[in-house]
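The chain is shown below.

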Amino acid sequence: MAEPQSPEIKIPDPVEMSRNMARIAEQSQRLVADFLQRQNGGDTSAPQSMMHIGAAFMEMTARMMADPAKLMQAQMSLWQDYLSLWQRTTQRLMGQEAAPVVAPAKEDKRFKDSAWDENALFDYIKQSYLLTARWLQSTVHEVEGMDDKTAKKVDFYTRQFVDAMAPSNFVMTNPEVLRATIESGGENLVKGLENLLGDLERGKGQLAISMTDYKKFEVGKNIAATPGQVIYQNELMQLIQYNPTTEQQYKRPLLIVPPWINKFYILDLRPANSLVKWLCDQGHTVFIVSWVNPDEHLATKTWEDYMTLGPLSAIDAIEQATGETEINMIGYCIGGTLTASTLAYMAEKGDDRVKSVMYLVTLTDFTEPGELSVFIDEEQLAALEEKMNSQGYLNGQSMATTFNMLRANDLIWSFVVNNYLLGKDPFPFDLLYWNSDATRMPAAMHSFYLRNMYQRNLLVKPCALTLKGVEIDLSKIKIPTFMLSTREDHITPWKSTYAATQLYGGPVKFVLAASGHIAGVVNPPSANKYSHFLNTKLPKDPEQWLAGAKQVEGSWWPEYAKWVQKYAGPKVPARTPGDGTLKPIEPAPGSYVKVRVVE
């Protein structure tokens, strides 16, 4: 076996290094001056204070110390694992084969560099970390006597700590970074520092980690580029009607209500993976709501306002644009929650213009809302509301950070290593461009949503919520319903979304797609990826549903196309934006979507 060649060592150029450091010092000085000026000017865009988690960990510690025998047993178990690791590492250093004590999960990308396995020292560092991480998380998880919310909070923040302390995140314990440092004479660290300062500058003093090459994308040019026209707008949204791609279209138009956490073009990234374009190609007249990126002037806008100025106004506008009084709807995530609220309101008012609805990864029953619940307790909500009330909105970067924390290794630490330690530029990726295109939340609306949905779970309780003077009841929704959830969803867990199958008063079809909140939804048939599960029965227990489900390879999109065709009406000559009484305002994707929180 040939000896591995030693990497070529590059001697740093002192002149170039001095020049780089002078440039970095100048940029740093400017950043500090700008930051101080904003603070002195009363700027409220500084990072949100740390969530109040100390009490949870104090309770956990007290519970743990109350059972010293169990704690001692856990300590002994860890020491036994370490003894095994030391013995096997010694065997390796003596040239013997030794099976690992612990190995990373197959999907763990942090230890993909071959040196983590081939080099005995780095293998020891890796296994030592994995053993400690496993011990810490299991010990915390098994503490008895804590209430469920406190236990979830402790588990979540323990994982955040464990992820942050991974040896891959530090220069001296990451073999790939060490190798790059030796080969480049430290240029990677200089470039990484420049990247760090650039991200601080881009975030106006708040660290906005670059996830992609933002210069490679332009909304309306190579993403969100399906042709269409804005045919209606108000202060909360623009309504886009897309150009037909078929000579005939179904009579009933299709309205999509996307989330306003991030932007609508997750459904229209590129022609190859655009659900919008695909639906147009199936013969639908497609409309989509493009929400405004609100500022302090919209601080008092409520959930009612989003319903009135969103889907209700859109349905009225579609009638003006096409002459049609009946439509089908799609709601995505919080857009789906708003859609359900709207349909319950319409049912109570006797408004039957919507003939079918599809909910994409939508929570209506918030009994088990997943890991986002760790941010929703009275102490944290009060602090968040104080922050929002001072600004008039929730800062988009705060929202983005919260969601990124749910997958910290993929969406935070991998970029820290790539951008700051290796000094590389991030790869151009449309999905990550969209993920970084954050949106603000109006204070009144967001407070209502968090308190009445996440904290009190009132939407699922008949007549517990009142919208525009009407008590709403989801069981009054009698129209056919298609529900799409995703098996690995970390934002709206599928078993929680499944609960809505027992709520609605009409026929329900539930489909479970593979993958997560985004990739499971944005999965065109042409990609030949993932699979989905079908079961015509709807037992109360989601696990029972899955046990009786049939797995079907490929995208769920054709399943929806076949389902919605029954409610789409006959074919009519294709409709072009501007044919009706509403004339085009501006080309799609419009101007609202182009307002960015971070440039």
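Helix H12 (residues 378-391) packs against helix H16 (residues 443-455) at an angle of about 170 degrees, and their axes lie 10 Å apart. Axes are lines fitted to C-alpha atoms over the stretch in contact, with angles from 0 to 180 degrees between N-to-C directions. H12 and H16 are therefore roughly antiparallel (over 145 degrees). Contact (heavy atoms within 4.5 Å) involves Glu378, Leu381 and Met388 among the residues of H12, and His446, Leu450 and Arg451 among those of H16.

This is a predicted model, in which local features need pLDDT of at least 70, side-chain atom pairs count only at pLDDT 80 or more, and totals for chains, interfaces and linings use all residues. Residues are numbered from 1 along each chain as its sequence is written, and side-chain values use heavy atoms, without hydrogens and water.

The helices discussed here are DSSP runs (H or I, at least four residues), numbered from the N terminus:

| Helix | Residues |
|---|---|
| H3 | 68-93 |
| H12 | 378-391 |
| H13 | 396-405 |
| H16 | 443-455 |

Threonine 402 belongs to H13 and, at 17% relative accessibility, counts as buried (under 20% relative accessible area, 1.4 Å probe, protein chains only). A polar atom of the threonine 402 side chain is 3.0 Å from the backbone oxygen of serine 398. Beyond neighbours within four places in sequence, threonine 402 contacts Leu372 and Phe375.

H3 has 26 residues and reaches 37 Å from first to last C-alpha, close to the expected 38 Å (1.5 Å times one less than the number of residues). Buried residues of H3 include Leu71, Leu78 and Tyr82. Just after H3, glycine 95 has a positive phi of about 85 degrees.

Methods:
Helices (H or I, at least four residues) and strands (E, at least two) are DSSP runs, numbered from the N terminus. Angles under 35 degrees count as roughly parallel, over 145 as roughly antiparallel, 65 to 115 as roughly perpendicular and the rest as oblique. Buried means under 20% relative accessible area, exposed over 50%, partly exposed in between (1.4 Å probe, protein chains only). A polar contact is a pair of N or O atoms within 3.5 Å; within protein, one must be able to donate a hydrogen and the other to accept it, and residues adjacent in sequence count only if both atoms are side-chain atoms.
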